[in-house]
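This report describes the fold, the surface and one selected position of a protein chain. The sequence and the model are shown first.

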Amino acid sequence: MDADGLTFAVATTAEERVAKRLGLSTARVGVRAAAGLPGGRLVSFGLAGALSDELRVGDVLDATRLVDGTGVTLWEGAGLGVRGARPGTVLASDVLVHDAAERRRLHSASGAVAVDMESGVLARSGRLAGVVRAISDGLDSDVEGVDSTVHADGRTNVVGLLRWIGTRRGSAVTSMRDAVRALNALEKAMA
């Protein structure tokens, strides 16, 4: 994969650390790109949730298409050629999709196999060059409330994280473990 001239736009500090370890030109744009977009050609890079049971935690997608909730194409391309990554369609969402039934409905309505919250903003800029995402939560994963653990600019919300762990206990621990597994898979695929 040729990353020259591309900026890898990430939502969170955890995703930013992975991209920087890989030596990629990186910009933390925050959740739903709340921190703004850098100039140039952009790659949406980081974690995503599965919309289909064909994907497992740690699977890496090199998207060939990005759609909205009704299946309308927001971006389409050949993918970036990430070694070992699966091609697929990603859904751009403005909200965290945590309910398994809603994930199945979105898959059926859009044809997308995964969902993230930044790619749509990047596509609407007209500068999206690719989407590389690792699955951090499977179709039936319980991630309700995980969005309270991150500030809009992508920094960890420590109080929100502690509250989420305290209220979600086992599912929070599983979600954190799965996120680490997905980030490791993303780093390995891009190395």
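## Burial and contacts

Of the protein's 191 residues, 51% count as buried. The model is a predicted one. Among contacts in the protein with a separation of 6 or more, 71% are made by residues 24 or more positions apart.

## Overall dimensions

The radius of gyration of the protein is 15 Å, which agrees with the value near 16 Å that a compact globule of 191 residues would have. The C-alpha trace spans about 45 × 35 × 30 Å along its principal axes.

## Secondary structure

The protein contains 4 helices and 9 strands. Along the sequence, these elements follow the pattern β-α-β-β-β-β-β-β-α-β-α-β-α.

## Surface and charge

The charged side chains comprise 23 positive and 23 negative ones. The centres of these two sets lie 4 Å apart.

## Gly-170

Gly-170 is located in helix α4, which covers residues 158-190. Is this glycine, Gly-170, buried, partly exposed or exposed? Gly-170 has a relative accessible area of 47%; the partly exposed class lies between the 20% limit for buried and the 50% limit for exposed, so Gly-170 counts as partly exposed.

Gly-170 and Leu-6 are 164 residues apart along the chain, and a distance of 38 Å separates their C-alpha atoms.

Terms used. Residues are numbered from 1 along each chain as its sequence is written. This is a predicted model: local features need pLDDT of at least 70, side-chain atom pairs count only at pLDDT 80 or more; totals for chains, interfaces and linings use all residues. Side-chain values use heavy atoms; hydrogens and water are left out. Helices (H or I, at least four residues) and strands (E, at least two) are DSSP runs, numbered from the N terminus. The radius of gyration is taken over C-alpha atoms; the globule rule is 2.2 Å times the number of residues to the power 0.38. Buried means under 20% relative accessible area, exposed over 50%, partly exposed in between (1.4 Å probe, protein chains only). Contact means heavy atoms within 4.5 Å. Lys and Arg count as positive and Asp and Glu as negative; His and the chain ends are not counted. The place of a charge is taken as NZ of Lys, CZ of Arg, CG of Asp or CD of Glu.
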